[in-house]
Amino acid sequence: MLEVRGVSVHYGQHKALEDVSLQVMPGEIVVMLGANGAGKTSFLKALGGMVQPMPGASATLHGIDLFKLPPHQIVSAGLALVPEGRGVFGELTVRENLQLGAHPRRAAPPHESMLDQVFQLFPKLSQRLDQAVRTMSGGEQQMVAVGRALMSCPEVLLLDEPSLGLSPLMCKELFAALSRIRTLGVGVLLVEQNARQSLAIADRGYLIETGRLVGQGSATDLQNDPAVRRAYLGTSVVHERT
């Protein structure tokens, strides 16, 4: 279980996050919803070791405090991040990107079976192993990014706006794959503005505004909450990207 307590992130005088806490259980999909600038990406960067939270924060995974580890050891501890913009290596092939994901020691024994799992989630990748990633569509590159993260055999997978820039059809395909990841026993923390599709696959959700959590609950309760529907599910807020 990933348990995060009291995370605050300041950039100089700007408070990006204030006292944010949440949990992600094995095989559970948790979505964090909020507008641009609400602090969602800062939260994921703090978990991934890319920004330093304020003193007093903790993020434990199987009893290991991730905030005491450098980024590469956070991956080895079982946390993998798919950043906004994917972060793939465009000049490398699909095969090479996936191989890089299997670099952590925790991935060494089971990585062949995880590769099979990645191909089951994203069959297209098995047909494009020798293709340079830069020549692929945005949706296919996102598959590579998620597949590479899964190759580290994570306990928890973090995704930052994975639907950004994708067509409606590719969004549907991606969210269907994310829904199936829970069958691997992997916990998923999904940061998204696409509230409708996120809540459709999630077990629970958290609402964040201006760096603070303002609500939480089961995905079903959030979908049916009139205030949430007005703020996050209206057509003026949530739309399919083309």
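**Close-up views: pocket, cores and cavity**

Helix H2 provides the largest share of the lining of the largest pocket, five residues. This is a predicted model: local features need pLDDT of at least 70, side-chain atom pairs count only at pLDDT 80 or more, and totals for chains, interfaces and linings use all residues. Residues are numbered from 1 along each chain as its sequence is written, and side-chain values use heavy atoms, without hydrogens and water.

**View 1. The largest pocket.** Its volume is about 510 Å³. Of its 21 lining residues, Pro-71, Val-75, Leu-79, Ala-80 and Leu-81 lie nearest the centre. Two or more lining residues come from each of H2 (71–77), strand S6 (79–82), H3 (94–101) and H6 (138–150). The lining divides into 13 nonpolar, six polar and two charged residues. (A pocket is an open set of points on a 1 Å grid, with protein on both sides within 12 Å along at least five of seven lines; lining residues have an atom within 4 Å of a point.)

**View 2. The largest nonpolar core.** This core has 50 residues. (Core residues are buried, under 20% relative accessible area with a 1.4 Å probe, and joined through side-chain atoms within 4.5 Å.) Leu-125, Val-146, Leu-157, Leu-178 and Ile-181 have the most contacts inside it. Helix H7 (residues 168–181) gives the most, seven residues. A second, separate core of 31 residues includes Ala-16 and Val-20.

**View 3. The largest cavity.** About 40 Å³ of space lies here. (In a cavity, a 1.4 Å probe fits but cannot get out.) Its lining includes Met-1, Pro-26, His-62 and Glu-155. Seven lining residues are nonpolar, one is polar and one is charged.

Conventions: Points joined across faces, edges and corners; volume = space filled by probe spheres on them. Nonpolar A, V, L, I, M, F, W, Y, C, P; charged D, E, K, R; others polar. Helix = DSSP H or I, 4+ residues; strand = E, 2+ residues; numbered from the N terminus.
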